[in-house]
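Welcome! Let us take a walk through this protein together, one step at a time.

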Amino acid sequence: MSTLTVPTVTHQAVRPMNRNLFRDTAIVMRRELKPVLRDPFSLIFGMIQPLVFLALFGPLLAGSLGGSLDGGVWQWFVPAILVMTTLFGTSTTGSNLLFEFQTGAHERMLVTPLSRSSLLIGRALKEMVPLFGQAVIVIAVMTPFGFDLHLGGAIVGLVLLAVFGVGLGSFSYALAIAVRKQEWMFWVVQQTFLFPLMILSGMLLPLETGPEWMRVASKFNPLSYLVDAERTLFAGDLTSTAVLWGWLAALVTVALGLTVGIRMMLRSAD
């Protein structure tokens, strides 16, 4: 009488259910960076754009508000430009995901063993690479014009921007998933929130001379705490209360952004 033998399954044949999040995130980040490195025009343009803004808007500030700004106009304006660059760069990242929905690339990523969290975090972190490059160029160019670089504070400030950028980028991806069947809604929502957040943060002009309602509204704007923290850090003060509030705003943003973004990413195959 023959016996039925059951084939044994080797350990190598079993695909691990829980991949390493850091490894998966690195894989997604490298995948997202390859098109940027192959076609660097948008990257170069993005690095020039903040310099143009500094060259055109900075002299206006120097002529009208230069004497009333602590540390001079460049010490006040350069950190704000870096925040603005982060805001522009990360808030539009969802448009890349909309393109992947059109081409079917996102659906192909969903069937891979990569964790859903890494699909979001890796894409968001990818946006910080060109932003760091922009920051280095802006600082290098502005230092001969009177910008006083405090290296320790600048490094902490860039890390703070990265944390905030991941949170904002996650919100952008969540928005793209939510409106993927009506793509025009992405730009409507993004533009509706972008400019009020900028103006009410005191990024371009001080709010101290503005109306009372604007000063009150700025207290509810997380971006205003980030701008204050960046100015304080780039001035070399790492222990100020403004820095603590900036970190709190960034951490709340990244926590909420990742929570909403990961939930939407899990539903993106529906």
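Predicted model: local features only at pLDDT ≥ 70, side-chain atom pairs only at ≥ 80, totals over all residues.

Let us step back for the overall plan. The protein has twelve helices and zero strands. If you follow the chain from the N terminus on, the order of elements therefore reads α-α-α-α-α-α-α-α-α-α-α-α. Of the 270 residues in the protein, 43% are buried.

Now return to V252. Is this residue buried or exposed, or something in between? Its relative accessible area is 41%, and because buried means under 20% and exposed means over 50%, V252 counts as partly exposed.

Next, look at how helices sit against each other. Two packed helices are described by the angle between their axes and by the distance between those axes. Start with helix 8 and helix 12, which pack at an angle of about 30°. Their axes are 8 Å apart. Angles under 35 degrees count as roughly parallel, so helix 8 and helix 12 are roughly parallel to each other. Helix 8 passes helix 12 in a left-handed crossing.

Helix 8, residues 151-178, has another partner to visit: helix 11, residues 222-234. Here the angle is about 160°, with the axes 8 Å apart. Because angles over 145 degrees count as roughly antiparallel, helix 8 is roughly antiparallel to helix 11. The crossing in which helix 8 passes helix 11 is left-handed.

For a last stop, find P130, whose place is in helix 7, residues 128-142. Is P130 buried or exposed? P130 has 15% relative accessibility, and since the limit for buried residues is under 20%, P130 counts as buried. What separation do the C-alpha atoms of P130 and V36 have? These two residues are 94 residues apart along the chain, and their C-alpha atoms are separated by 9.2 Å.

Key: Residues numbered from 1 in each chain as written. Heavy atoms only, no water. Buried < 20%, exposed > 50% of the residue type's maximum accessible area, 1.4 Å probe, protein only. Axes fitted to C-alpha atoms, helices over the stretch in contact; angles between N-to-C directions. Helix = DSSP H or I, 4+ residues; strand = E, 2+ residues; numbered from the N terminus. Parallel < 35°, antiparallel > 145°, perpendicular 65-115°, else oblique. Left-handed = near helix turned anticlockwise from the far one by under 90°.
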